[in-house]
Amino acid sequence: MVRLEVINPRTGKADHAITPSSAAEVSAKAAALRAAQPAWEAMGVAGRCGVMARWLGAVKARAADIGEADAHDTGGCHTSYLQGFITMGNIGGWLEDAPKAFAGLEYDSMSTSMPTVRVQSQVVAYPLVGVISPWNAPLMLALLDAVPALFAGCSVLLKPSEVTPRVIETLFETVREIPELAAVFDYVVGAGDVGQAVIAEADTICFTGSVPTGRKVAVACAERLIPCHLELGGKDPCVVTENADLERATTAVLRGAVYATGQVCYSVERVYVHESIHDAFVAKLAEKAAEVRLNAENPRAGHIGPFTHGPQADIVAGHITDAVAKGATVVTGGKIEEIDGGRYMRPTVLTGVTHDMAIMQDETFGPCIPVMAYADEEEAIRLANDTQFGLTASVIAGDAEEAERIGRRINAGGIYLQDTFLTFAKLRTFGSDSFGWSGHGAPRIGPESLRRFLRRKSLLTQTGEVADIRNDHHLGDGA
């Protein structure tokens, strides 16, 4: 089989390659994972926690290596080097939360409608979970699904993006140190056809990626009548009110829009500013944007890195070209810079944007900040909701009460008030649903996200006399 070259985003050159898994390989791995799953589930949550605690130790020992591999894959800055430690936090959090999540599913009581019937609950894990993960934040987004599925008692077959496979290879070096875990957690590599093979084998699918591919995944799962959980990105708005503090607002918007080069599903991609402060906001935002440094010279020193996937730069450039052709103005940034083979873009502020532009409707996934003026609160809410997406949104207002009032009327699953980019604050507390095209299925964050990997059974025991149809007076005598 032809090997797929893997491009280093900092050099633009191939320095790695993978051999795509064949359909037969996917099927064989799926069969092995299925065979091992019953014993894994039979361990109970306490037994699985013991195994996962050992894995946590293995990850801790290799945390720096995992971070280096993530940075190599993505060209990322500081967050990439922290990925090993973020993985430790993920596993450690579930070590604490999984037993509590299972306890909340237990039920043993007498029926309120039939007092002689005892009702007990049982939860049963899906035998095989397929996880198809994207090229941005490749490790974190893969493990947001895989880790709780393992704690739930499932086997997991992961298909990472062919653009960023290195960090997954490093991760699985730690998995193989734990035999019980290696028996129920494996991965395959390749492009879309390998993802299709995973869907053909799994009992439920978790997919993170684009809307067009998500539609294909949903159709394939529907044909097999298996559930799927999709996270498909966003076009996340930020509303800045007339009374907002400009220093706070511009600092928050800049970080929320360009962090990780804007290659985050909950990046700020649309900014609506009250017309009375629009010009001052733009001037201050542009001033701060000009101070953001690329990490081309030193990946640990700059603020933002190259585009992880080179072709994404062309999509971003296309959005800017379309906006300018329709009357928008680029205040700062706006150019793709080729530096030592990597493709970079400095924070790009645009004004004069309208909703007939791609940059205000389609997911840009780059460090772009289109700013649009609004006249009153009703218009701000209308503009924020004028989208097919609904992942997150932000409101920065004069006070928390004003921000909350507006936030409660915006159609998105996560609403950040008086700041942007607050998703990590809710990781272990609660989840939220996606609106519109941003997703489908149960929340992937919070203790309840473990339940998407479990099916609930009821065991009903008659403790009294069995009903005799011959004595059922409700049926009448047929006369």
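Lys 288 is found in helix H12 (residues 278–289). At 14% relative accessibility, Lys 288 counts as buried. Buried means under 20% relative accessible area, exposed means over 50%, and partly exposed lies in between (1.4 Å probe, protein chains only). Leaving aside neighbours within four places in sequence, Lys 288 is in contact with Leu 246, Glu 247, Thr 250, Thr 251 and Leu 254. Contact means heavy atoms within 4.5 Å. Helices (H or I, at least four residues) and strands (E, at least two) are DSSP runs, numbered from the N terminus.

This is a predicted model: local features need pLDDT of at least 70, side-chain atom pairs count only at pLDDT 80 or more, and totals for chains, interfaces and linings use all residues. Residues are numbered from 1 along each chain as its sequence is written, and side-chain values use heavy atoms, with hydrogens and water left out.

Start with H2. Helix H2 (residues 44–61) has 18 residues. From its first C-alpha to its last, H2 reaches 27 Å, close to the 26 Å expected at 1.5 Å a residue. The expected span is 1.5 Å times one less than the number of residues. Which residues of H2 are buried? They are Val 45, Arg 48, Cys 49, Val 51, Met 52, Trp 55, Ala 58 and Val 59.

Helix H1 (residues 23–42) packs with H2 at an angle of about 105°, with their axes 7 Å apart. That makes H1 roughly perpendicular to H2. Angles under 35 degrees count as roughly parallel, over 145 as roughly antiparallel, 65 to 115 as roughly perpendicular and the rest as oblique. Axes are lines fitted to C-alpha atoms, for helices over the stretch in contact, and angles run from 0 to 180 degrees between N-to-C directions.

On the H1 side, Trp 40, Glu 41 and Ala 42 take part. They meet Gly 44, Arg 48, Val 51 and Met 52 in H2. The residues of this contact divide into four nonpolar, one polar and two charged. Here Ala, Val, Leu, Ile, Met, Phe, Trp, Tyr, Cys and Pro count as nonpolar, Asp, Glu, Lys and Arg as charged, and the others, Gly among them, as polar.

### Two partners of H7

Helix H7 (residues 166–175) packs with helix H3 (residues 63–74). The axes of H3 and H7 come within 7 Å and cross at roughly 165°. That makes H3 roughly antiparallel to H7. Their crossing is right-handed. A crossing is left-handed if the near helix is turned anticlockwise from the far one by less than a right angle, and right-handed if clockwise. From H3 come Asp 65, Ile 66, Ala 69, Asp 70, His 72 and Asp 73. They meet Arg 166, Val 167, Thr 170 and Leu 171 in H7. By class, this contact has four nonpolar, two polar and four charged residues.

H6 is another partner. The axes of H6 and H7 come within 9 Å and cross at roughly 55°. H6 and H7 are therefore oblique to each other. H6 passes H7 in a right-handed crossing. Pro 138, Leu 139 and Leu 143 of H6 touch Val 167, Ile 168 and Leu 171 of H7. This contact has six nonpolar, no polar and no charged residues.

| Helix pair | Axis distance | Crossing angle |
|---|---|---|
| H1 and H2 | 7 Å | about 105° |
| H3 and H7 | within 7 Å | roughly 165° |
| H6 and H7 | within 9 Å | roughly 55° |

### Two buried leucines

Leu 150 lies in helix H6 (residues 138–152). Leu 150 is buried, with a relative accessible area of 0%. Not counting residues up to four places away in sequence, Leu 150 touches Trp 40, Arg 48, Met 52, Val 156, Leu 181, Val 184 and Phe 185.

Leu 33 sits in H1. Is Leu 33 buried or exposed? Leu 33 is buried, at 2% relative accessible area. Its contacts include Leu 128, Ser 155, Val 156 and Leu 157, leaving out residues up to four places away in sequence. Ala 183 is also touched by Leu 33. Leu 33 and Ala 183 are 150 residues apart in sequence, yet 6.3 Å apart in space, C-alpha to C-alpha.

### Positive phi in two loops

Asp 340 lies in the loop between strand E13 (336–339) and strand E14 (342–345). Its phi is near 55°, a positive value in a residue other than glycine. At 66% relative accessibility, Asp 340 counts as exposed.

Phe 365 lies in the loop between strand E15 (348–351) and strand E16 (368–374). Phe 365 has a positive phi of about 60°, although it is not a glycine. At 8% relative accessibility, Phe 365 counts as buried.
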